[in-house]
Amino acid sequence: MTLTNADVQKVARLARLAMDEAEIESARSQLTGIFNLIAEMQAVDTKGIAPMSHAQDLSQRLREDVVTETNQRELFQSIAPQVEAGLYLVPQVIE
Amino acid sequence: MFNSSLYQLGGALRAKKISSVELTQLYLERITALNPELNAYITLNPEISLAQAREADARIASGNAAALTGIPVAQKDIFCAKGWRTTCGSKMLHNFISPYDAHVIAQFNQAGAVNLGKTNMDEFAMGSSNETSYFGPVKNPWDKARVPGGSSGGTAAAVAARLCAAATGTDTGGSIRQPAALCGISGLKPTYGVCSRYGMIAFASSLDQAGPMGRSAEDLALMMNVMAGFDERDSTSLQRDKEDYARNLSKPLHGLRIGLPKEFFAEGLGSDVALAIEAAIAEYKKLGATIVDISLPNSKLSVPVYYVLAPAEASSNLSRFDGVRYGYRAPEYTDLADMYEKSRAQGFGAEVKRRIMIGTYVLSHGYYDAYYLQAQKIRRLIAQDFTEAYKQCDVIMGPTSPSTAFKLGEKGDDPVQMYLSDIYTIAVNLAGLPGMSIPCGFGDNNMPVGLQIIGNYFDEARMLNVAHQYQLATDWHSRAPQVL
């Protein structure tokens with residue numbers, strides 16, 4: 001399988017990773033190598049096999065619908081890059 | 001003192017032969033002397049460690065000590081510990097002071113253990129050599145030109161160099177067992193779901209599992225008694241009764257059936273590693289075990305399957321790092337999207353970005369069935385191989401890693417070569433089985449070789465028994481590197 005620079009650019013955009021031309025070129029060649037490793041998988045016949053996500057095949061536990069978290073806003077915001085008046089600051093989104 | 005077992009240390013503390021404060025000081029002094037060369041620890045916090053030691057001494061004085069009370073244990077820097085900088089080996093979290101404790105950390109605190117420091121690791125646990133850490137590579141204490149393995153390389157080096165009594169690791173594709181093998185220590189990855197993932201920074205959630213790393217199987221059993229247990233805050237945590245992992249240690253091995261998968265002894269295995277493994281198997285025969293030849297025909301697919309599933313889950317888990325609420329934010333940006341893209345581009349290292357890219361691609365529109373779903377199906381085939389094998393044997397043995405520790409920089413430019421160093425460990429994570437590595441000799445370059453022991457689901461106590469009996473009959477586990 002061969003990836004193009006445009007493929008890599010699209011994935012970088014989806015993953016929200018800024019990349020310059022040189023990085024895209026190097027990512028393209030390394031990802032191509034990895035996808036060739038992965039390609040081995042495609043030849044396997046998996047008709048009728050159920051996908052496996054957990055070894056024990058458990059169903060999701062449910063809990064009581066009660067409040068368990070306490071308000072720790074000040075503690076959590078003490079490690080934030082930028083806060084003001086109890087709010088997280090980001091660049092303006094809506095004009 | 002630095003070579004004492006956890007049982008011995010606990011006994012000395014309770015007999016007041018040494019205080020926890022004295023013991024903690026001794027370790028902190030040794031870390032100050034040796035860590036600059038080994039780089040096994042990212043963060044030390046003597047003030048917190050010694051405060052915990054004082055509390056432990058008070059608890060011992062009051063007669064309420066538990067097995068690990070007062071014992072200095074190092075924590076992989078993937079576990080959030082309240083008040084401690086928790087970096088996960090990344091620039092993204094270089095300034096993150098955790099506001100809460102991981103379940104595993106809370107369990108150690110409850111047991112009265114002393115948190116000695118946070119150990120170095122591959123960035124976000126992605127790596128097999130500890131070279132992807134933002135805080136620099138860890139050196140193998142047996143040869144400082146070589147890697148300690150990864151991702152729990154800091155923990156493995158710290159245990160091997162006697163910079164802690166024991167420590168924690170996490171294992172997504174071999175990150176406890178491979179560094180344990182490369183540093184000549186013992187490590188156990190429990191059955192998936194036995195130790196809570198709460199507060200353990202997520203890499204690939206369906207594979208990540210915490211476990212102990214130490215100098216002997218006996219030490220691992222004591223660590224497991226603290227680490228294991230149900231936690232409702234982890235949706236995949238298993239509801240099981242508490243068990244004593246040391247209960248079977250002294251059982252004889254007569255009648256034990258050891259399965260040897262032919263795929264683990266095929267092309268690609270270093271001849272020096274093969275020799276050490278064969279000698280270990282011969283020792284087990286002397287201890288009364290019988291050998292069964294088995295096959296795990298789909299295990300050869302485990303590397304490709306892993307490099308679809310793990311990056312897919314990672315790309316989703318790591319989307320939370322956006323520079324908004326915590327962690328790194330780029331100093332300059334034009335708008336919100338630019339802030340995300342620059343913060344992530346500058347905050348993540350090359351290997352993490354590579355895996356996010358793979359994961360994003362395989363999950364993107366039009367590729368999901370061909371990659372992620374196909375990988376999940378083959379995952380079941382790999383797990384079924386083990387189920388079949390356990391009809392004929394009690395444990396499975398083989399090499400942990402195809403070679404001993406390689407040189408720093410040796411595999412730097414080729415991610416695929418690096419990925420293949422986990423070829424014998426990954427299938428175990430995919431199946432959700434418990435696996436461990438114990439030292440069983442040395443290779444051509446005098447670097448340690450690890451024997452991998454794979455158990456059936458929830459068979460940790462038996463695996464620890466199997467490892468302990470070997471460690472009673474041999475002394476590989478008590479060999480120490482000349483680090484000074």
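Reply: What follows looks at the helix α1 of chain A, and then turns to chain B. The model is a predicted one.

Helix α1 of chain A runs over residues 5-14, and its buried residues are Val8(A), Val11(A) and Ala12(A). These residues lie on the same side of α1(A), because the arc they cover around the axis is only 100°. Among what covers the buried residues of α1(A) are α2 (21-38) of chain A and α11 (350-363) of chain B. Just after α1(A) comes Arg16(A), with a positive phi of about 55°.

For context, here is the core. The largest nonpolar core has 167 residues, and those touching the most other members are Val73(B), Ala158(B), Cys164(B), Val305(B) and Ile453(B). Helix α9 of chain B (residues 302-317) gives this core its largest share, nine residues. Leaving aside residues up to four places away in sequence, Val73(B) touches Phe108(B), Ala113(B), Val114(B), Asn115(B), Leu116(B), Cys164(B), Ala165(B), Ala166(B) and Ala167(B).

An exposed residue makes a contrast. Lys391(B) sits in the loop between α12 (369-389) and β9 (395-399) of chain B. Lys391(B) counts as exposed because 8 other C-beta atoms lie within 10 Å, and the cut-off for exposed is 12 or fewer. From Asp369(B), Lys391(B) is 22 residues away in sequence and 32 Å away in space, C-alpha to C-alpha.

Conventions: Residues are numbered from 1 along each chain as its sequence is written. Chains are lettered from A and ligands numbered from 1 in the order in which they are written. This is a predicted model: local features need pLDDT of at least 70, side-chain atom pairs count only at pLDDT 80 or more; totals for chains, interfaces and linings use all residues. A nonpolar core is a set of buried Ala, Val, Leu, Ile, Met, Phe, Trp, Tyr and Cys residues joined through C-beta atoms within 7 Å. A residue is buried if 20 or more other C-beta atoms lie within 10 Å of its own, exposed if 12 or fewer, and partly exposed in between; C-beta atoms are placed from the backbone. Helices (H or I, at least four residues) and strands (E, at least two) are DSSP runs, numbered from the N terminus. Two residues are in contact if their C-beta atoms, placed from the backbone, lie within 7 Å. The arc is that of the directions from the helix axis to the C-beta atoms.
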